[in-house]
Each structure stands twice: as C-alpha cells, then as structure tokens.
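Dear colleague,

Please find below the structure for your further work. My findings follow directly after it.

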Amino acid sequence: MEDSLKCNFCGRNKNNITFLVSGINGHICNLCIEKTYSIIHKKFYEKNTHKNNNEFIEIKKPKEIKTFLDQYVIGQNEAKKILSVAVYNHYKRIQKQNSTKKNIEIEKSNVLLIGNTGTGKTLLAKSISKLLKVPFAIADATTLTEAGYVGEDVESILTKLLQSVNYDIDSAEKGIIFLDEIDKISRKSNNPSITRDVSGEGVQQALLKILEGSVINVPPQGGRKHPDQKMIQVNTENILFIGGGTFDGMEKIISDRIEKTSIGFITKKRKKIDSEKNGLENNILAEDLKKFGLISEIIGRFPVITYLNPLNKNMLKKILVEPKNALIKQYKKLFDMDHISLNITDEALNIIVDQTLQLGLGARGLRTFCEKIFVDYMFDIENIQPTLNIDQDIVKQKLFCS
C-alpha cells in the first residue's frame with residue numbers, strides 16, 4: 001500500500017523520488033517542493049526589487065541639511081550652504097527623474113571641496129550620508145593608477161561603496177563617495193616627459209566615465225581587474241561624488257591671475273584678497289583648477305566648487321567642546337561610563353588649541369594632544385577619584401614634560 005503512494009502534484013511514484021511529504025489529504029515530493037520554493041523565491045525577489053527601485057530617500061530641504069551639519073561642523077557656513085543645495089538638488093533629481101518630462105534632462109552635480117587639512121571636508125560628507133541614511137564610502141585618490149601599473153584601478157572606488165552595503169547594488173547606486181586627496185591626481189607637469197604620468201592625468205581620464213554616470217564593471221574585491229574575474233555592474237548615474245583636496249599653491253595661482261588683470265595698479269578686488277586670507281573662497285575659477293593640473297573634463301564633472309576656510313583659534317576651541325561629537329564631550333562620556341566626572345578648565349583648553357594651531361593639522365590635531373593628556377588616566381582608571389579635574393598646569397606637564 002505504501003509503495004503505491006505518489007505525489008499529488010507531479011504524479012511520481014514514491015519509488016522514483018527521494019522523499020514524499022504526507023499531508024491530511026495529499027502528498028508532495030521533494031522535487032515539487034524545490035520547484036515551489038524556486039517560484040516563491042523568484043516572486044518575492046521581484047517584488048522586493050521593484051519596491052527598492054521605487055523607494056526613494058527622504059529628501060531634506062537645504063536649510064534642514066545645513067541645520068544638521070551645524071551640529072557637527074563649526075563655521076564654514078558658505079560651504080555648508082552650497083553643499084546643502086547641491087545635495088538637495090541631487091536627490092531631488094533622483095526622485096523626480098521618472099516623472100520629469102523626457103525632453104528635460106537634469107545633469108548630476110558632483111561637488112568639489114577645497115580646503116586645508118582638518119577643516120572638515122570628510123566630516124561634511126560623512127554627516128550628510130548620516131542624515132540621509134545613504135551608503136557612504138571614502139576612497140583615497142593617491143592609491144589610484146592607470147591600468148597596468150602598480151596600484152588600484154579607478155573602479156575599486158566603487159568596490160568600497162558596494163562593500164559598505166554588503167553588495168546591495170540598488171542601495172549602492174544611490175550612495176555617496178568621498179574622493180579624498182583628489183588634488184594629488186593633478187598633472188605633474190605641463191611639459192611632455194619620457195616618464196609616464198601614471199597617477200596623474202591618466203587617472204583623471206579613467207575617472208571621467210565613472211563621474212559622469214555610466215554602467216561600470218566593478219571587481220568585487222577591488223584591486224586590479226583580470227580577464228577571468230567575475231564583475232559586478234554598477235550604474236553611477238545617481239551616485240554623488242564629493243571630491244576633497246588641499247590644493248596647495250592654489251592661492252598663488254589665483255593671486256597671479258588677479259595681478260595680471262590689474263595692469264600695473266592694485267585693484268579693489270586684489271586689496272580684498274590681500275587683506276583676507278579666505279579670499280580664495282569667492283575668487284576660484286575653472287582656469288585656476290586647470291592651471292593647477294586638473295584636466296578640463298574633470299573640472300566639468302565637478303560643477304559645484306566650494307572652499308573651506310582655515311581654522312582659527314576661536315573655531316578650534318568651539319570644535320573641541322561644542323559639536324555633538326566634540327572630543328571633550330566624548331572623553332566626558334568615556335569617564336562617565338566608569339562613574340568619573342571630568343572637568344577641564346578654559347585655560348587648559350586654550351593650551352590644547354594653541355598647540356594644535358602650531359601643529360598645522362586643523363581639527364585632526366586636537367585628538368593628538370587630547371590623547372596625550374588623557375591616556376595615563378585611562379590606563380589607571382580603577383584608581384581615579386570620582387572627580388577628575390584637568391587644569392592648565394596638568395596640561396603643561398602632560399604636553400611639555402613627558
């Protein structure tokens with residue numbers, strides 16, 4: 001009797017299948033179970049893919065974006081304003097692209113941030129991705145070289161974005177990539193040379209296709225591509241690229257350009273630049289970037305350009321204590337976890353800021369001195385009293401006598 005049992009779906013006899021699952025009024029074989037699972041899985045995947053493709057990021061208005069950035073980045077109001085508008089327009093473009101009239105094409109607006117080390121370029125990009133809850137990756141342009149040379153292919157910057165979302169292509173295609181040290185891929189010289197510029201103009205040419213929006217074959221593990229490697233296709237049309245660099249020497253290029261236009265006398269514009277260290281902000285032109293060593297096509301892929309002002313003592317002190325992620329707030333929280341109350345005097349903070357200014361690393365230098373001050377207390381945490389008071393004498397001892 002048992003040998004005569006068969007699957008009610010395909011009619012196969014029990015002897016011709018691996019196993020049979022019996023219900024109250026029927027039976028199903030392992031082959032039909034596998035087929036059913038395949039159908040359900042396919043339908044579920046298609047439904048979720050359709051849902052993901054039509055789910056858009058919650059767009060924040062420019063003022064909302066800037067207000068959020070104010071919580072993490074001190075000063076740089078003009079840069080935050082320009083960046084907020086660019087990001088708003090970028091994601092609005094993504095959301096409305098299906099409903100926009102076909103004869104109107106809104107181009108992508110990548111952003112170029114120019115400023116000294118530690119002025120907040122990376123932090124601005126990170127903070128925006130945090131607000132919008134979009135994938136974010138940082139790529140170092142100095143590691144990129146032309147295909148065939150030691151280094152990484154330009155496609156590897158997309159690998160980092162894919163890895164940040166566990167290779168979810170739909171999510172990655174709406175993410176943000178911060179291309180750090182982009183000034184380091186400038187042409188090394190305007191004069192032809194026997195030595196090939198493998199990490200300069202060649203890399204800029206290779207980046208063009210990625211920046212403008214194309215379907216790119218990306219190596220899953222980064223590094224160099226090889227013919228037998230399986231590739232992942234990523235459309236960069238909706239990926240926002242934010243380039244960042246110090247562009248050392250840009251002030252002289254701008255100054256020389258303005259001096260040439262003065263024709264023997266000092267113009268009001270030149271006087272303004274000479275009297276303001278941040279004159280670069282309102283005077284940078286595409287021709288300055290071209291003279292620095294960026295090719296015209298790359299400059300065209302970064303239509304939004306803004307400049308971050310150097311940090312003065314007042315700004316550094318605010319960075320130390322005011323933002324949500326301020327270093328002093330972080331240390332207070334760490335000590336509080338061990339039931340220790342940390343107090344630090346204003347005079348002590350001034351010494352930290354003065355030393356940071358001398359170091360010339362911008363806000364990054366603050367952590368260097370804070371670590372030097374607090375490391376011994378952290379190491380001996382079990383012997384610290386409920387209240388830890390740090391004054392200028394302690395700071396001087398830690399920084400100058402150790």
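What pLDDT does the chain average? This is a predicted model, and its average pLDDT is 82, with 81% of the residues scoring at least 70. Two stretches call for caution. Over residues 47-54, pLDDT stays under 50, and the model has four contacts for them beyond four places in sequence. Residues 273-278 also stay under 50 in pLDDT, and for these the model has six such contacts, again beyond four places in sequence. Where pLDDT is low, the predicted coordinates should not be read in detail.

As to the overall fold, the chain contains 16 helices and eleven strands. Of its 402 residues, 44% are buried. Counting contacts between residues at least 6 apart in sequence, 69% join residues at least 24 apart. The accessible surface of the chain is about 22,800 Å², and carbon and sulfur atoms account for 52% of that area.

The largest of them has 41 residues, and I157, L158, L207, F247 and L289 have the most contacts inside it. Helix α7, spanning residues 201-212, gives the most to this core, contributing five residues.

Leaving aside residues up to four places away in sequence, L289 touches L112, I114, F247, M250, I284, L294, I299 and I305. One of these partners, F247, is also listed with L289 among the residues with the most contacts inside the largest core.

Yours sincerely

Conventions:
Residues numbered from 1 in each chain as written. Predicted model: local features only at pLDDT ≥ 70, side-chain atom pairs only at ≥ 80, totals over all residues. Heavy atoms only, no water. Helix = DSSP H or I, 4+ residues; strand = E, 2+ residues; numbered from the N terminus. Buried < 20%, exposed > 50% of the residue type's maximum accessible area, 1.4 Å probe, protein only. Contact = heavy atoms within 4.5 Å. Areas by Shrake-Rupley, 256 points an atom, 1.4 Å probe, with all protein chains shown as cover. Core = buried A, V, L, I, M, F, W, Y, C linked by side-chain atoms within 4.5 Å. pLDDT = per-residue confidence, 0-100.
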